[in-house]
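This report walks through one protein chain, from its overall make-up to single residues. Please keep the sequence and the structure in view while reading.

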Amino acid sequence: MKKTISSLSVLAVAIGIAVTQPIHAGEIQYVEGLKTSGYGRAAFGATSDRLVSREAEKADNGMNIIATAGNPYKPTGNLGNRGSQLELHVDYGITNNDMNWVTHINLFTGASDFKSGSTESDYFYLDEWWVSGTGIFPSNPEAGIWMGKRYYGRYENSLNGYQHVNADGIGVGVDNLNLGFGKLNVAVVKDGWGKNSHKYCTAWDADWNCTSENGWGGSYYSLVSKLHGVNLANDINGDLFATYRTYIGSDGDMEPNPEQPGYMTAKDNHPDGFQVGFAIKQGDWGEFNRLVARYGYKAPSSITQSWLPIPSYQYGGFFDGMQEFGEHYRVQYALSHETAVYNENVADLSKSAEQPYDKSVWNQAVVRGTYIWNQRFSTNLELAYDMMDFDVKSSVRSQNPDFKSGTNSSYKITLAQDFHIGGGFWDRPVIRFFVTYGKLDTETTAYTKTPTWSLENVSNLISEPGKRDATTVGVMFETWW
């Protein structure tokens, strides 16, 4: 099952040519000839404590990754608390007739995304494959038309890797239409990375393979728009984004079991939804502050990830930033919040009916301080606190006293010594030696009633209430180019 992928900002470099400025993953670029760029990290560690999270099990590298029990979003901070990953981007650009056309591919591998039923991560996904052209509209030369499978519409926090907004998928669109006061992106994106996200079926065998007549199916299609780069004040820019999705397919009006009236059609089981939000950013790559807010109606945090439960509504607020004080001190900080509510209007949907709670609230705070000794060495101290508050359905609470409503939490402290090519925040490669200590406090295990198709998104290694701690000593490298 394809999940959203953690991706830091990439430093692109043409082969044999000077390094360019940092770009956001998935942006349309001007490329001449062949260019490669990428991001990678590898880590291993040692712990004498039992694994406390699904993320640690997926990483399978000796580390104990701290994550709050039942948290479907992200572990408790990144530093010394994540698995290995690689993105390899390759672009080939041609300029002709005052246009620049680029073919882009991205190969991805990592312990953060492994095949169901396996802990191996020695394989690659073709995560992106798309073509773009700029200079097509003489009156708007910066605008680019694109088509293919790509990362799209992302906002991401580097301290926990969480994507506040994500519209990845296969689609077609136009980016960077210059309106004078800002630039406009508009696209149609199909979820499921190009495959149908739903297949019509009326009978299954013991392994849940469809045994009925097939050939019908469908998917969500999303109209994605973003107005970005609007100057609000000196050194402050704003974005507005809005997405609407609807289900289209050959099975839209078909009932799963016509002989038993009352079953919803595929269209009814996949209701229309929308998502709106804004982002405000002060500063740029060096020192910045950013606020992102998002509201969705019958739409999860990522509107194109069809495997996520469908809430009645979900909203999130996120703040992050970085400040440097002189030549030796740097502070990074991030606050994350998500509230998801499952009311009666989604109680019968297959993606929501089996959720064990009526409401979940996520809050996380991360602060990382860095002392830069010189261009070769720096020391980091990261503190992170995470909590999930669950309002459990009464039907679930009655099954087990441990399935009560409650708050699960965790905290993590990491001390790391870096050896790097430069003292700046964006300077890579870096080799990092670290020690991480974390503690989980679990009040409710109702999340273990999460449907098996989505259980891998939450920590299923804490089976009873109580407190657990873990320590990891490890080493990792991180690089981009």
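Two strands are said to pair if DSSP finds at least two bridges between them. The strands themselves are DSSP runs of at least two residues, numbered from the N terminus. With these terms in hand, Leu 381 has Leu 415, in E21, as its bridge partner. The model described here is predicted.

## Overall make-up

The protein chain holds 3 helices and 23 strands. Of its 481 residues, 52% are buried. Among the contacts in the chain with a separation of 6 or more, 63% are between residues 24 or more positions apart.

Strand E19 covers residues 357-372 and strand E20 covers residues 377-392; the two run antiparallel and are joined by 15 bridges. A hairpin of 4 residues leads from E19 to E20. One of the bridges can be followed residue by residue: Thr 370 is partnered by Asn 380 in E20.

E20 also pairs with strand E21, residues 406-420, again in the antiparallel sense and over 14 bridges.

## Nonpolar cores

In soluble globular proteins, nonpolar side chains tend to be buried together. Which residues of the largest nonpolar core touch the most other members? They are Val 52, Tyr 73, Tyr 155, Val 292 and Ile 462, in a core of 31 residues. Strand E14 (236-249), E19 and E20 are the elements that give two or more residues to this core. E20 gives the most, with 3 residues.

Another core, of 8 residues, lies apart from the largest one. Its members include Ile 28, Trp 146, Tyr 152 and Val 224. Trp 146 also has a charged neighbour: the charged end of Arg 150 sits over its ring, 4.6 Å from the ring centre.

## Aromatic rings

The count of aromatic pairs comes to 22. In one of them, Tyr 313 and Tyr 315 have ring centres 6.4 Å apart and planes at 10°, so the pair is stacked; planes under 30 degrees apart count as stacked. Both residues belong to a cluster, linked by ring pairs, that comprises Phe 274, Tyr 295, Tyr 297, Tyr 313 and Tyr 315.

Elsewhere, a lysine is placed over an aromatic ring: Lys 281 lies over the face of Phe 288, at 4.9 Å from the ring centre.

Glu 478 is found in strand E23, residues 466-480. Glu 478 counts as buried because its relative accessible area is 4%, and buried means under 20%. Its side chain makes a polar contact of 3.2 Å with the side chain of Arg 428.

Arg 428 is also part of a cis peptide bond, which joins it to Pro 429 with omega at about 10°. Pro 429 is in the loop between E21 and strand E22 (430-442).

## Two asparagines with positive phi

Most residues other than glycine have a negative phi, and most peptide bonds are trans. Asn 97 has a positive phi, near 55°. Asn 97 is placed in the loop between strand E4 (85-96) and strand E5 (99-110), and it is exposed, with a relative accessible area of 59%.

Asn 176 also has a positive phi, of about 65°. Asn 176 lies within strand E10, residues 169-178. Asn 176 is buried, its relative accessible area being 18%.

## Ala 56 in helix H1

Ala 56 is found in helix H1, residues 54-59. At 2% relative accessibility, Ala 56 counts as buried. Leaving aside residues up to four places away in sequence, Ala 56 touches Leu 51, Met 63, Asn 64 and Ile 65.

How far apart in space are Ala 56 and Gly 83, C-alpha to C-alpha? The distance is 7.7 Å, while 27 residues separate Ala 56 and Gly 83 in sequence.

Definitions and conventions. Residues numbered from 1 in each chain as written. Predicted model: local features only at pLDDT ≥ 70, side-chain atom pairs only at ≥ 80, totals over all residues. Heavy atoms only, no water. Buried < 20%, exposed > 50% of the residue type's maximum accessible area, 1.4 Å probe, protein only. Polar contact = N/O pair within 3.5 Å; in protein donor to acceptor, adjacent residues only side chain to side chain. Core = buried A, V, L, I, M, F, W, Y, C linked by side-chain atoms within 4.5 Å. Phe/Tyr/Trp six-rings, centres within 6.5 Å; stacked < 30°, edge-to-face > 60°. Lys NZ or Arg CZ within 6 Å of the ring centre and 35° of its normal. Contact = heavy atoms within 4.5 Å.
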